Amino acid sequence: MGAPACPLPHRTAGHLPAGTGSSPEGLRSGKLGEQCEAVVRFPRLFQKYPFPILINSAFLKLADVFRVGNNFLRLCVLKVTQQSEKHLEKILNVDEFVKRIFSVIHSNDPVARAITLRMLGSMASIIPERKNAHHSIRQSLDSHDNVEVEAAIFAAANFSAQSKDFAAGICNKISEMIQGLATPVDLKLKLIPILQHMHHDASLASSSRQLLQQLVTSYPSTKMVIVTLHTFTLLAASSLVDIPKQVQLLLQYLKNDPRKAVKRLAIQDLKLLANKTPHTWSRENIQALCESALHTPYDSLKLGMLSVLSTLSGTIAIKQYFSSAPGAATTTARSFDLVKLAQECCYHNNRGIAAHGVRILTNITVSCQEKDLLPLEQDAVFGLESLLILCSQDDSPGAQATLKITLTCMVKLVKCRPHLSQSVVESLLTQLHSAQDAARILMCHCLAAIAMQLPVLADGMLGDLMELYKVIGRSGTDKKQELLVSLATVIFVSSQTALSSEIKTVIKQQLENASNGWTAYRIARQASRMGNHDMARELYQSLLTQVASEHFYFWLNSLKEFSHAEQCLTGLQEDNYSSALSCIAEALKSYHKGIASLTAASTPLNPLSFQCGFVKLRIDLLQAFSQLICTCNSLKTSPPPAIATTIAMTSGNDLQRCGRISNQMKLSMEEFRNLATRYGDLYQSSFDADSATLRNVELQQQSCLLISHAIEALILDPESASFQEYSSNGTAHVESEYERRMMSVFNHVLEEVESLNRKYAPVSYLHTACLCSAVIALLKVPLSFQRYFFQKLQSTSIKLALSPSPRNPAEPIAVQNNQQLALKVEGVVQHGSKPGLFRKIQSVCLNVSSVLQSKSGQDYKIPIDNMTNEMEQSVEPHNDYFSTQFLLNFMILGTHNITVESSVIDSNGIVWKTGPKTTIFVKSLEDPYSQQVRLQQQGQPPSQQQQQRTAYSRF
């Protein structure tokens with residue numbers, strides 16, 4: 001995840017990187033086209049080098065262009081500034097930058113002044129309290145040029161959002177202009193939205209609300225009401241205190257205003273407030289919305305109101321609605337207006353209305369566990385099934401969107417009410433045969449999601465799925481490849497045991513006839529995720545000769561070897577320990593071949609660090625398991641010596657009666673604890689991994705801890721072993737078949753260990769047999785290679801820049817030993833195409849430490865207060881940039897190695913060791929004055945060079 005330290009700080013402020021197309025030569029060109037091209041390429045330059053030293057230099061050059069260029073160039077600079085808003089705070093010389101921009105405000109050209117005002121508005125985040133900018137905006141609001149006034153309104157809105165003083169000062173001016181008879185209506189419509197930013201304190205927000213209240217009643221025209229109401233809503237959402245009043249106002253307009261445009265706006269704003277603050281909605285609010293939806297004759301309005309209600313039904317508001325009802329104890333669920341509305345809409349001829357109806361019913365069923373709501377389960381299931389039949393026959397985009405909502409509700413319902421799973425799955429399987437291909441893909445995803453949570457797809461259903469697979473293989477639609485992958489996934493999930501040869505033959509046959517290599521790879525990948533390693537190995541083998549790059553060849557070869565290794569472990573038998581050792585040895589042989597191929601497949605841009613780490617840990621785990629079985633066998637092959645009892649009595653350790661096995665078991669326990677720690681490190685370094693992959697790593701770690709605990713509880717320390725901290729929570733929700741099987745093994749092993757604990761002391765064959773059985777039971781669960789092993793959906797990296805930084809990384813930075821080094825650490829967080837998909841960075845933790853590499857030759861005493869540097873700081877990135885400083889002491893003369901390591905803290909407070917780690921060298925030198933005094937005390941005449949007058953000796 002980490003990126004190396006950026007070399008940018010070496011550049012001077014006057015130089016831009018060569019070859020970027022935005023060089024000063026382009027800006028100095030006499031041709032307007034070349035100047036514009038140079039300007040518009042700056043945003044790409046900022047993405048490539050996002051550090052302040054370049055950005056400061058670039059913005060100063062852009063400010064020069066703005067100052068001396070024509071209006072078109074100024075417009076280009078304005079667009080670049082607006083695109084690069086998150087980089088503005090990295091400008092170091094803000095005063096100089098603003099001075100060059102602001103000089104244009106005094107131009108006689110109103111267009112130039114307008115562009116300058118928009119430029120100032122775009123920079124409001126870095127100059128919120130500049131009084132000259134405030135004055136210019138206030139002055140320009142009185143201009144007679146419409147373009148300048150509109151620019152002043154834009155700037156006023158931006159400054160109001162950033163500056164409390166400006167907002168308080170401009171509020172009366174805006175109020176006068178809005179209420180003034182001379183102000184045109186279209187200008188009033190543009191001025192009103194500024195009031196949404198008047199939320200900096202309660203009195204300002206209150207006065208703005210009063211003004212808006214007057215406007216709503218004084219100007220009843222449609223446009224005016226719409227703009228005023230929307231501003232009202234945004235102000236309430238920002239100030240928070242007036243949200244209940246705003247909900248009531250919007251509901252009042254929704255009920256009483258006859259204009260459809262106003263009703264639509266009210267619904268849109270209600271949806272915004274339902275998403276932002278659902279807990280502020282009272283039962284009366286929801287009831288009023290239900291009544292409006294029941295009585296409206298317009299489908300479009302009903303759809304909007306149901307959209308608001310379906311949003312609320314998935315939040316705390318739904319529980320408040322049912323719990324705070326008058327006489328709720330005696331009222332049945334079906335008598336509530338919300339339930340009546342949902343039931344009425346479930347079978348509506350408008351698909352969107354029906355979708356919201358079933359979503360409301362599903363959310364009520366899931367959220368409210370009261371007994372009187374149980375009859376709603378069947379209503380929800382029937383509504384979902386009817387919508388499924390309707391949408392699966394239609395391949396239009398609207399039908400597919402509705403089908404996605406329906407299937408999501410099905411998965412949610414089955415997850416919370418498992419007893420409904422059988423009927424839902426049967427209806428999905430029945431509908432698969434007659435559905436359109438686009439709908440079939442979505443239905444397969446739904447089936448796989450349900451089957452991952454609950455083992456509902458019985459072997460009897462495989463026949464239907466295989467018939468469908470053959471039918472799809474013969475069809476020639478454009479969705480065929482995607483459908484082959486989706487259906488194969490369902491087959492893998494439904495096959496709880498290994499795939500039969502007949503199923504493998506059918507899948508391979510259809511792939512040979514109808515698919516490309518990419519489809520075969522995706523199916524193989526799914527087989528690896530579901531633990532069907534035999535099938536995966538055959539598919540990887542067939543793909544080896546179909547790739548053009550040797551890196552891809554080595555990647556596929558490594559996957560083939562890993563699948564073969566895991567396939568070897570499926571032949572393990574419960575009580576046959578010698579065959580278990582040979583199976584593990586065979587698996588290790590394949591794993592070692594695979595890790596060699598995997599290393600060859602890695603490139604500098606794609607180092608495959610997670611994959612290599614995961615596989616190396618798997619190899620070490622298998623070796624530890626093998627060693628443990630050998631140790632257990634040693635009780636038979638190497639029994640304790642005759643004097644073992646005497647040694648045990650002498651030492652007071654009863655375990656010594658067993659001979660060498662006691663020491664071997666200690667080593668084995670330490671090995672498993674060490675492996676658990678390494679799995680924990682892998683977990684912490686996988687910030688971008690999906691939750692299923694992290695859970696997989698966690699299960700591997702738990703299996704190591706389980707075995708180490710079993711060794712301790714059975715053999716090493718039975719008296720102090722506690723089972724409470726290891727007992728699993730039976731109510732915890734299991735997300736996959738792999739997790740379900742692993743948790744089952746964990747529980748079984750713990751029961752066996754607990755039953756043998758403190759019996760047959762100190763060690764018996766029952767104890768060693770229990771350990772061997774635990775190892776075999778863990779290995780018999782086929783390993784799941786999760787998504788992150790193959791695919792990275794989220795990408796996050798941190799780039800660090802240190803200053804001072806030497807031109808040559810091997811050169812040390814010279815520091816006097818009586819001074820402190822101010823080390824500045826800057827960093828940029830870089831994201832892929834889906835930032836924050838699984839987790840977001842809340843803050844970056846920087847750790848700085850120094851180690852003395854080599855000491856200088858002089859052996860004299862120096863008073864040392866602080867010999868080492870070990871510091872840590874947490875910084876919150878702003879617009880993906882962070883910066884902090886450390887003061888370091890180097891009292892000991894010599895070369896010191898400074899290491900800066902970054903880790904991130906996500907929004908849940910979890911620390912992730914993501915890196916990068918950067919190193920620089922510092923050479924601590926003795927200051928000349930101390931050196932001169934020391935030499936004089938030793939009676940040595942200082943050399944001619946030391947007698948020369950220096951800057952230090954003057955003082």
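The largest nonpolar core counts 288 residues, and W281, L428, Y469, F672, F789 and I898 have the most contacts inside it. Such a core joins buried Ala, Val, Leu, Ile, Met, Phe, Trp, Tyr and Cys residues through side-chain atoms within 4.5 Å; buried means under 20% relative accessible area with a 1.4 Å probe, protein chains only. Helix α32 supplies the largest share of this core, 14 residues.

This is a predicted model: local features need pLDDT of at least 70, side-chain atom pairs count only at pLDDT 80 or more, and totals for chains, interfaces and linings use all residues. Residues are numbered from 1 along each chain, and side-chain values use heavy atoms, without hydrogens or water.

Helices are DSSP runs (H or I, at least four residues) numbered from the N terminus. Axes are lines fitted to C-alpha atoms over the stretch in contact, with angles from 0 to 180 degrees between N-to-C directions.

| Pair | Angle | Axis separation |
|---|---|---|
| α32 (residues 609–637) and α35 (residues 691–716) | about 20° | 12 Å |
| α31 (residues 577–601) and α32 | roughly 160° | within 10 Å |

Helix α32 is therefore roughly parallel to α35 (under 35 degrees). Helix α31 is roughly antiparallel to α32 (over 145 degrees).

On α32, F610, F614, R618, L621, F625 and L628 meet T693, N696, V697, Q700, C704, I707 and I711 of α35. Contact means heavy atoms within 4.5 Å. This contact divides into nine nonpolar, three polar and one charged residue.

F672 touches L621, A624, F625, L628, C704, I707, S708 and I711, leaving out residues up to four places away in sequence.

Notes. Helices (H or I, at least four residues) and strands (E, at least two) are DSSP runs, numbered from the N terminus. Angles under 35 degrees count as roughly parallel, over 145 as roughly antiparallel, 65 to 115 as roughly perpendicular and the rest as oblique. Ala, Val, Leu, Ile, Met, Phe, Trp, Tyr, Cys and Pro count as nonpolar, Asp, Glu, Lys and Arg as charged, and the others, Gly among them, as polar. Buried means under 20% relative accessible area, exposed over 50%, partly exposed in between (1.4 Å probe, protein chains only).
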